Amino acid sequence: VQLQACGGGLVQPGGSLRLSCAASGNIFSISAMSWHRQAPGKQRELVAAITSGGNTNYADSVKGRFTISRDNTKNTVYLQQNSLKPEDTAVYYCNALIRTTQGMGYTIHWGQGTLVTVSS
């Protein structure tokens, strides 16, 4: 199983980006999917998460600015980032709980990270 994240880049404050992360490989089902970020010198933190049914939760710092969504037919999770601030600068990682075989438990899988830089 692989998670491939993309969509990062350099954007000015107030700008927008859309990150995407596609899961591929031997996948039976996917439970929760989420985005995390790690800024230089800081610990990795949860940004947003979404269940298979579409329930979402967000870090307080991004509420009202970021929107997480998913396309279950494509095994893909998205993060729409609006009104970006310099403090949003970080490497963003996607995460998914994936079941590879019917009857087996879910295991955690991480994407490789995509860099978002917010700067003028």
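Student: Where is aspartate 88 found?

Tutor: Aspartate 88 lies in the loop between E8 and E9; strands (E, at least two residues) and helices (H or I, at least four) are DSSP runs, numbered from the N terminus. The model is predicted, so local features need pLDDT of at least 70 and side-chain atom pairs count only at pLDDT 80 or more, while totals for chains, interfaces and linings use all residues. Residues are numbered from 1 along each chain as its sequence is written, and side-chain values use heavy atoms, with hydrogens and water left out.

Student: Is aspartate 88 buried or exposed?

Tutor: Aspartate 88 is buried, at a relative accessible area of 0%. Buried means under 20% relative accessible area, exposed over 50%, and partly exposed in between, with a 1.4 Å probe and protein chains only.

Student: Which backbone nitrogen lies 2.8 Å from a polar atom of its side chain?

Tutor: The backbone nitrogen is that of lysine 85.

Student: Which residues is aspartate 88 in contact with, leaving aside neighbours within four places in sequence?

Tutor: Aspartate 88 is in contact with Arg37, Arg65, Phe66, Ser83, Val116 and Val118. Contact means heavy atoms within 4.5 Å.

Student: Val116 and Val118 are on that list. Which face of E11 holds them, covered or uncovered?

Tutor: Strand E11 (residues 114-118) has Thr114, Val116 and Val118 on its covered face, and Leu115 and Thr117 on the uncovered one.

Student: Which strands does E11 pair with?

Tutor: Strand E2 (residues 9-11) runs parallel to E11 and is joined to it by 3 bridges, with valine 11 opposite valine 118. Strand E9 (residues 90-99) pairs with E11 in the antiparallel sense, also over 3 bridges, and there alanine 90 has valine 116 as its bridge partner. Two strands pair if DSSP finds at least two bridges between them.

Student: Why is E8 described as largely enclosed?

Tutor: E8 is largely enclosed by the rest of the structure because 5 of its 6 residues are buried. Strand E8 (residues 76-81) is joined to E7 by 6 bridges, and phenylalanine 66 stands opposite glutamine 81 there. Strand E3 (residues 17-24) runs antiparallel to E8, joined to it by 6 bridges, and arginine 18 stands opposite glutamine 80.

Student: Which residue takes a positive phi in the hairpin of E7 and E8?

Tutor: Asparagine 75 takes a positive phi near 50 degrees, in a hairpin with 4 residues between the strands.

Student: What is the bridge partner of isoleucine 68 in E8?

Tutor: The partner of isoleucine 68 is leucine 79. Isoleucine 68 is buried, with a relative accessible area of 4%. Not counting residues up to four places away in sequence, it touches several residues, including Met33, Trp35, Ile50 and Tyr58.

Student: Changing topic, which rings does the charged end of arginine 44 sit over?

Tutor: The charged end of arginine 44 sits over the ring of tyrosine 93, 3.7 Å from its centre, and over the ring of tryptophan 110, 4.7 Å from its centre. A charge sits over a ring if NZ of Lys or CZ of Arg is within 6 Å of the ring centre and within 35 degrees of the ring normal.

Conventions: A polar contact is a pair of N or O atoms within 3.5 Å; within protein, one must be able to donate a hydrogen and the other to accept it, and residues adjacent in sequence count only if both atoms are side-chain atoms.
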